[in-house]
Amino acid sequence: MLKGKTALVTGSTSGIGLGIAKALAQQGAHIVLNGFGDSAAPKAEIEKLGVRAEYHGADMSKPSEIEDMMKFAAAKFGRVDVLVNNAGIQHVAKVEDFPPEKWDAIIAINLSSAFHTTRLAVPAMREANWGRVINIASAHGLVASAQKSAYVAAKHGIVGLTKAVALETATTGVTCNAICPGWVLTPLVQKQIDDRAAREGIPVEQARNELLGEKQPSLQFTTVDQLGGLAVFLCSPAADQVRGVAWQVDGGWTAQ
Ligand code: NAD
């Protein structure tokens with residue numbers, strides 16, 4: 001379905017981003033990978049699927065590096081057809097204890113980076129009269145949890161950005177939507193489980209069950225493959241008129 005198209009996925013060296021990159025590659029899209037840590041293994045995994053993969057290590061908190069990444073993608077592939085804004089970090093603390101530098105980093109990486117990639121990707125999408133912007137928000141884009149002020153603010157912000165961009169592109173073949181996962185067992189969440197186990201002096205298994213039980217009525221993690229499947233759907237012709245939605249994949253979290 002995406003043969004010959006190019007998808008850029010921010011934060012795709014791990015977790016949800018890598019899963020979505022693989023799902024899009026399985027549909028034939030060439031992939032621009034981004035993120036920290038090892039890039040050779042994810043690049044090889046994507047290439048095994050028979051498409052081209054390139055890696056750019058831009059730090060999503062730095063607009064000049066984001067600009068460089070977007071130029072790199074255009075130079076390698078002509079343009080970005082599918083933009084997945086996925087890079088994200090977390091920090092948990094009460095608002096009065098929240099380190100200002102952590103607030104700034106979360107807003108920059110989880111929200112402002114999507115503004116920069118989108119403003120740079122949309123002109124070529126408009127010209128081609130086809131494009132997909134998919135923002136990885138969160139259940140925290142729709143409801144809040146204590147101790148996550150920056151994350152909740154950034155994720156609510158990205159849902160708003162999604163709607164504004166969807167309206168601006170509504171008469172074109174470019175769509176913009178958000179995916180709102182509940183708990184997905186990635187390194188980002190494993191860290192929160194490990195911290196909880198250490199804080200409460202309980203086994204990791206118990207901390208994991210408590211974490212799910214508090215928020216996710218299905219008591220099951222959302223999987224990376226399920227999110228990949230939704231991203232593929234949003235790229236399909238069936239989703240041509242899906243515009244500006246914030247689509248929960250959260251085991252019932254936000255239905256409560
Ligand atoms: P993860 O930690 O496994 O992956 C995060 C990715 O972002 C990594 O590739 C990392 O290298 C990259 N990254 C971090 N800071 C970066 C920076 N400054 N510049 C470039 N890349 C950077 O986390 P994940 O759970 O896969 O999260 C991916 C996205 O999904 C995030 O936006 C997160 O908020 C969102 N999300 C996750 C969950 C969950 O339960 N895991 C739930 C809802 C939403």
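Guide: A word on terms before the volumes: a pocket here is an open set of grid points with protein on both sides within 12 Å along at least five of seven lines. Also keep in mind that this is a predicted model.

Visitor: Fine. What volume does the largest pocket have?
Guide: About 710 Å³. It is lined by 36 residues, and the closest to its centre are Asn86, Ala87, Gly88, Ile89 and Leu188.

Visitor: Which elements give two or more residues to that lining?
Guide: Those are helix H1 (15-26), H4, H5 and helix H6 (187-200). H6 has the largest share, with four residues.

Visitor: And how does the lining of the largest pocket divide by class?
Guide: Into 17 nonpolar, 16 polar and three charged residues.

Visitor: Where does the largest pocket lie relative to the domains?
Guide: Between domain 1 (6-184 + 223-255) and domain 2 (185-221), because both give residues to its lining.

Visitor: OK, next one down. What's the volume of the second largest pocket, and which residues lie nearest its centre?
Guide: The volume is about 540 Å³. Of the 19 residues that line this pocket, Gln90, Val92, Lys148, Gln192 and Asp195 lie nearest the centre.

Visitor: What lines the cavity?
Guide: Asn85, Asn86, Ala87, Ile109, Asn110, Ser113, Ala114, Ile136, Lys155 and Ile158. Helix H4 (100-128) and helix H5 (149-168) are the elements that give two or more residues, and H4 gives the most, with four.

Visitor: And the classes for the cavity lining?
Guide: Five nonpolar, four polar and one charged. Asn86 and Ala87 are in this lining, and they are also among the residues closest to the centre of the largest pocket.

Visitor: I keep eyeing His140. Where is it found?
Guide: His140 sits in the loop between strand E5 (131-136) and H5.

Visitor: Buried or exposed?
Guide: His140 counts as buried, because its relative accessibility is 3% and the cut-off for buried is under 20%.

Visitor: What is His140 in contact with, sequence neighbours aside?
Guide: Leaving out neighbours within four places in sequence, His140 touches Ser145, Lys148, Tyr151, Val152, Lys155, His156 and Trp253. Of those, Lys155 lines the cavity, while Lys148 is one of the residues nearest the centre of the second largest pocket.

Visitor: Last topic: packing. How many residues does the largest nonpolar core have?
Guide: It has 35, and Leu8, Met60, Met70 and Leu83 have the most contacts inside it. Helix H3 (63-77), H4, H5 and strand E6 (174-181) each supply at least two residues of this core.

Visitor: Take Met70, then. What is it in contact with?
Guide: Beyond neighbours within four places in sequence, Met70 contacts Leu8, Val80, Thr117, Leu120 and Ala121.

Visitor: Which residues does the second core include?
Guide: Ala23, Ile136, Val184 and Val249 are included in that separate core of 30 residues.

Key. Residues are numbered from 1 along each chain as its sequence is written. This is a predicted model: local features need pLDDT of at least 70, side-chain atom pairs count only at pLDDT 80 or more; totals for chains, interfaces and linings use all residues. Side-chain values use heavy atoms; hydrogens and water are left out. On a 1 Å grid over the protein atoms alone, a cavity is a set of points where a 1.4 Å probe fits but cannot get out, and a pocket is an open set with protein on both sides within 12 Å along at least five of seven lines; lining residues have an atom within 4 Å of a point. Ala, Val, Leu, Ile, Met, Phe, Trp, Tyr, Cys and Pro count as nonpolar, Asp, Glu, Lys and Arg as charged, and the others, Gly among them, as polar. Buried means under 20% relative accessible area, exposed over 50%, partly exposed in between (1.4 Å probe, protein chains only). Contact means heavy atoms within 4.5 Å. Grid points are joined across faces, edges and corners, and a volume is the space filled by probe spheres set on the points. Domain bounds come from an automatic or database domain assignment. A nonpolar core is a set of buried Ala, Val, Leu, Ile, Met, Phe, Trp, Tyr and Cys residues joined through side-chain atoms within 4.5 Å.
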